[in-house]
Amino acid sequence: MSYDIAWARVNLKNVPHLVTPEIPGPKSLELHGRASKIMKGYSGQVKLFPVVFDKGYGCTLTDVDGNTYLDFSSGIYVTTLGHCHPKVTEAVQKAAGQLMNCHDFTTPIKLELLEKLTSVLPGDLSGIQLYDSGTTAVEAALRVCRAATGKHEFLSCYGDFHGKSGHAVSLARMNRTNGPTREAGFYMVPRPNPYRPLFKKSDGTIDTDAYIRFFDEFITEATTGQVAAIVLEPIQGWAGSILPPDDFFPKLRQWCDKRKYLLVADEVLTSMGRTGKYLAMEHWNTLPDVVTLGKGFGNGFPVTAMVVRKPYANAVENISASTSYGGNPMACAAALASIVAIEEEGLLENAKRLEDFFIPRMEKMKREHKIIGDVRCKGCLMGIELVKDRNTKEPFDEAGKQVYQRAFRKGLAWIPAGHILRMSPPIVMDVDVAAKCMDMIDEAIGETEKELGY
Ligand SMILES: Cc1ncc(COP(=O)(O)O)c(C=O)c1O
């Protein structure tokens, strides 16, 4: 299929366009200074780089000082189809002028979205409820698993992130800021990370079976045997775009079927084209029982979903599933227009075309920079892991911070993550623009290596 990304084409003669001697510029600093006297709880990303954005279009972002950047993170994995995609903007504008909210009554646009969504999702994933954040969709997924199985315990995986409510944080690493303690019945197990394997075969390669055997043993030893589901991200986003070994999900699916555990794929970050498929799980031909969708689902409009396979549809009736904003007409319009754009513009194909460019480009960077330990990519979800030493694989946080800031100053808007560079450009990007972004990162890594004595 051909792709049509003309509306988002960037003229690299004009972008990045940096007009202030320092970035963030004076207006950004002034506005952010005033805002931060009132707004509390900014993320580390903003604290490290307090730029104030004013406009976004396609793959570009412009700040209040008139500096224009290339966007290599889609906001925060959200604007997968580029900022202000014309089809999405028009659909939201139209809906806003017609009907904004009528609780969870059916509306024509909701029906259209539901039918369209089931047509693009694999298998019998056809029981849907709509929400307004990834976290509420995850919460609903947990409640539906309990309703469907009559059991209440959950297994989740080291490094995963699922949101910031009480149960969602209990699915992830417990720390000072989201503690002080995990909710009862929530347990974490290691998952296979090919770059940092915990269980290895005698030839040194990752032993996926050993992880599954450990899950079995862990359930016997640590839980009360009331496990409803295992919840995990198909590709770990926040942990640094960590891909599973190809045999993991098919084996996990078999294990869940045998032991009668539900498999929940939290695809808030990985779905709707981000990896070149509607669901990342499709890369491994694995059908989860429950899926959560978010971020790119409405291309920036807060709309998310929990989707269950047919056998679990009735359980959704038993969890008082609706919310005030879930499925409002503007949200449905945004999500529907996003799917239509993916289909009409061949954007899954474009994400794959970009992957075919990114993989060899990142492999080349790895050959040329000693501090790169590993590179990974699926569609437009990529990670570059920086280490102090390739043998010890010691994480190199200082390098991660410097590369982030240096590339930002060159005109690349993106997100930091300790020693792993995370990249998630809009899937409407053209290869020449992607190449420019990678050049900026490459240069920033080179400068950082020099600065840090490598
Ligand atoms: C995999 C995953 N699940 C859930 C969430 C929570 O989504 P939200 O921030 O929309 O509540 C996130 C957010 O980053 C996520 O990456």
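In strand β6, M188 is the bridge partner of S156. Strand β5 (residues 153–157) and β6 pair in the parallel sense over four bridges, where pairing requires that DSSP finds at least two bridges between two strands. Strands (E, at least two residues) and helices (H or I, at least four) are DSSP runs numbered from the N terminus. The model is predicted, and local features need pLDDT of at least 70, side-chain atom pairs count only at pLDDT 80 or more, and totals for chains, interfaces and linings use all residues. Residue numbers start from 1 along each chain as its sequence is written.

β5 and β6 belong to an open sheet of seven strands with mixed pairing, in the order β4-β10-β9-β8-β7-β5-β6. Because β4 (125–131) and β6 (186–189) are at the edges with a single partner strand each, one side of each has no neighbour in the sheet. On average, neighbouring strands of this sheet are turned by 20° against each other, direction ignored. Helix α8 (residues 208–222) packs on the sheet and touches β5, β6 and β7 (227–232); contact means that C-beta atoms, placed from the backbone, lie within 7 Å. The direction of α8 makes about 145° with that of β6. Axes are lines fitted to C-alpha atoms, for helices over the stretch in contact, and angles run from 0 to 180 degrees between N-to-C directions.

Strand β3 (residues 68–71) pairs with two other strands. Strand β2 (residues 60–63) and β3 are antiparallel over three bridges, with L61 opposite Y69. These two strands form a hairpin with four residues between them, and G66 in the turn has a positive phi of about 90°. β3 and strand β13 (residues 412–413) pair in the parallel sense over two bridges, with D71 opposite A413. Both faces of β3 are covered, since T68 and L70 on one side and Y69 and D71 on the other are all buried, that is, 20 or more other C-beta atoms, placed from the backbone, lie within 10 Å of their own.

The axes of helices α5 (residues 108–120) and α11 (residues 329–344) come within 9 Å and cross at roughly 35°. The contact involves I109, K110, E112, L113, K116, L117 and V120 of α5, and P329, C332, A333, A335, L336 and I339 of α11. These residues divide into ten nonpolar, no polar and three charged, with Ala, Val, Leu, Ile, Met, Phe, Trp, Tyr, Cys and Pro counted as nonpolar, Asp, Glu, Lys and Arg as charged, and the others, Gly among them, as polar.

Terms used:
Contact = placed C-beta atoms within 7 Å. Buried ≥ 20, exposed ≤ 12 C-beta atoms within 10 Å, placed from the backbone.
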